[in-house]
Amino acid sequence: MRILLLSLIFTTVINAQTNYSVSSIDGPLKENANAVVRLDETIVEITAKNKMQVTNHRVITILKKAGENSIKPYAFYSPNTKITNILALVYNDQGEEIEKIKKKDFYDISAVDGGTLYGDSRVKVFRYKPTSYPYTVDFTYTYTTPNTAFLPRWMPIDDYMVSVEKSSFNMKIIESLQWRKKEKNFKDYDIINNSSKSVISYEMNQIPAQKKEALSPSFYYYEPQLMIALNEFHLEGVDGYAKDWESMGNWQFKSLLADRDQLPEHTVRLITEKLSGITDREEKIKKIYEYVQNNTRYISVQLGIGGWQPIAAEEVDRVKYGDCKGLTNYTKALLKSQGIESYYSVVHAGKSKLGMEKDFAIMQGNHVILNVPNQENDIWLECTSQKIPFGFLGDFTDDRDVLVIKPSGGEIKHTHKYLNDNNLQKTVGEMEVTDTGGITANLEIETYGIQYDKHAEVLSMSEKDKNDYYTEYWSNINGLSIGETIFDHDKNNIKLTEKITLSAQSYVTKMGDDLLFKPNAFNANKYVPNRYSDRKLSFEIDRGYTDNDEIDIKLPINYKLGKLPAPVIITSEFGNYEMSLEKISENQLRYKRKIQLKSGLYDKSKYDGYRDFRKKIKKYDNTKIVLSKTPQGKPTKHSK
């Protein structure tokens, strides 16, 4: 009887609307849109803390190729999460069905990446290659699961450039279960709340696409979201209870971490011997961290509760590998063996800097790092990398709220910020301009903070990839040839120094007998954000940075300098810029440049001011000077 009812619901949902012609879409929904969500319906029924059924029905019209990322043609499953129904239909622009993709036609592939040793998560995916645009995809699937630690969220708007005809969310929870909800970013939208005592129900209709503007923050910060959490839940055979972050952390510690930090006696003795004679606490932490880096490697294991619970420290010690959970727990255990307390910390990793919801405890995060209390300056350790310096996080986990799990419960802390002057790049060097228009140069680039993080990628590159990297880095120089490259990687000070020799045959422009060239050959900024007559959104300078450049330029002896431009100083709320050219001798110049960009979220009313600031930087970064040939090619007075 229940199977019959489920089939009836499934059939009813997928046939609820049949007019999917593109002409039936209201004109305003097509403006600024790459895709139009015709219907996005989620139906959830929770009948016990370990029993949930979810049906997703999504109909989306793809107006152009850029909208195809919004199809979401996948359904995840595992041994405990089972797909009971799945079907995809494709319609042409007239709303006529042109393809039916049944369950047997879906690709069934592993949902784990290449770094995973073994895992049981899989995904069913359909693929459709359009012959023309627009077209419409109607995708429905139902799954059942005992896992209620993660409940479906309602996020009715996909992204910038996607409009919505209708999105609805309906969740029924058995009365014996207590639940909590959070409405986020609702105030700017017309959202209908149809909820009753027994059903959580929301609906949104006719939402035009939001045009993406330069420097707009991630859409995540604008989009409306409904989050729901059970106080009592189930996760892969483990029952849980949480009503706030303290109790969430307490449950995770007791159910997922407790008694998993035991180590073999011989390993404890080995670490004790390695630390013999070291009295500085931070130095001890560093030595243990380096031991983990030198003696383990990252391999993910994602089976059942293992997707959330770390491998026991004793097992990691034996096999010498683990995932982020296992390696973090292992490092924690090694520190504990030496009387140093540290805490397993759950983070949402990625460059978008998503953090935990401070006021709403819910299972979140996709990565684990280690927090080591250190008075006012906590140490954060990324335990999966064999190369990252001690105490450095990089843009994968910096500047965001994380859940620190202690025996007493959970606590929200913020990871280290790398902002503005922390992200420093210093470029010094010598450049020689030849009378044929070529250049040769010896450069030294020092980087710190997030600039270090980006430049450090070159350390693991092949010779060919290094050459390609620098050729792209200085793409403004035609015919660039990279010579010797030497790297000094100072992990103690988290600094990289790149020493590079290079040459190019035709960097300088010839104008009859004269030469025209740009002194800023190695760090010219060309970026100017787009102009908007009526900007709608605030804009963000993400982390900010500082660049210092000083290049001594040797000129050909048969040429003399013309008039040099006056020094430039620009001060603004977004940052500062300085540039100067100093004549050292008749045939030598010193070029100096400094740019400081300040991180921040700025009101849209200030956008034109920021754009003007960037225009000025571009202008002065591209300053040109003229070298005039001396009569009959005679050397200048001070040349030899």
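Visitor: Which residues of strand β34 are on its covered face?
Guide: Strand β34 spans residues 568–572. Strands (E, at least two residues) and helices (H or I, at least four) are DSSP runs, numbered from the N terminus. Ile569 and Thr571 form the uncovered face. The covered one holds Val568, Ile570 and Ser572.

Visitor: What kind of model is this?
Guide: Residues are numbered from 1 along each chain as its sequence is written, and side-chain values use heavy atoms, leaving out hydrogens and water. Local features need pLDDT of at least 70, side-chain atom pairs count only at pLDDT 80 or more, and totals for chains, interfaces and linings use all residues, since this is a predicted model.

Visitor: Which residue of β35 is the bridge partner of Ile570?
Guide: Strands β34 and β35 (residues 575–585) run antiparallel, joined by five bridges. Two strands pair if DSSP finds at least two bridges between them. The two strands form a hairpin with two residues between them. Ile570 has as its partner Tyr577.

Visitor: Which residue in β21 stands opposite Val346?
Guide: Strands β20 and β21 run antiparallel. Five bridges join them. Opposite Val346 stands Val368.

Visitor: How many salt bridges does the whole structure have?
Guide: A salt bridge is a side-chain nitrogen of Lys or Arg within 4 Å of a carboxyl oxygen of Asp or Glu. A search of the whole structure gives a total of 39.

Visitor: How many residues apart in sequence are the parts tied together by Asp399 and Lys353?
Guide: Their side chains meet in a salt bridge of 3.0 Å, N to O. Asp399 lies in the loop between β22 (379–381) and β23 (401–406), and Lys353 in the loop between β20 (343–347) and β21 (367–372), so the pair ties together parts of the chain. The separation is 46 residues.

Visitor: Is Lys466 buried or exposed?
Guide: Lys466 forms a salt bridge with Glu463. Buried means under 20% relative accessible area, exposed over 50%, partly exposed in between (1.4 Å probe, protein chains only). Glu463 has 57% relative accessibility, so Glu463 counts as exposed. Lys466 has 12%, so Lys466 is buried.

Visitor: In which helix do Lys616 and Asp612 lie?
Guide: Their side chains meet in a salt bridge of 3.5 Å, N to O. They are four residues apart, so about one helical turn separates them. The helix, residues 607–621, is α10.

Visitor: What is the relative accessible area of Asp158?
Guide: Asp158 is found in the loop between β9 (135–145) and β10 (162–173). Leaving aside residues up to four places away in sequence, Asp158 touches several residues, including Arg58, Lys72 and Glu223. Asp158 is buried, with a relative accessible area of 16%.

Notes
Contact means heavy atoms within 4.5 Å.
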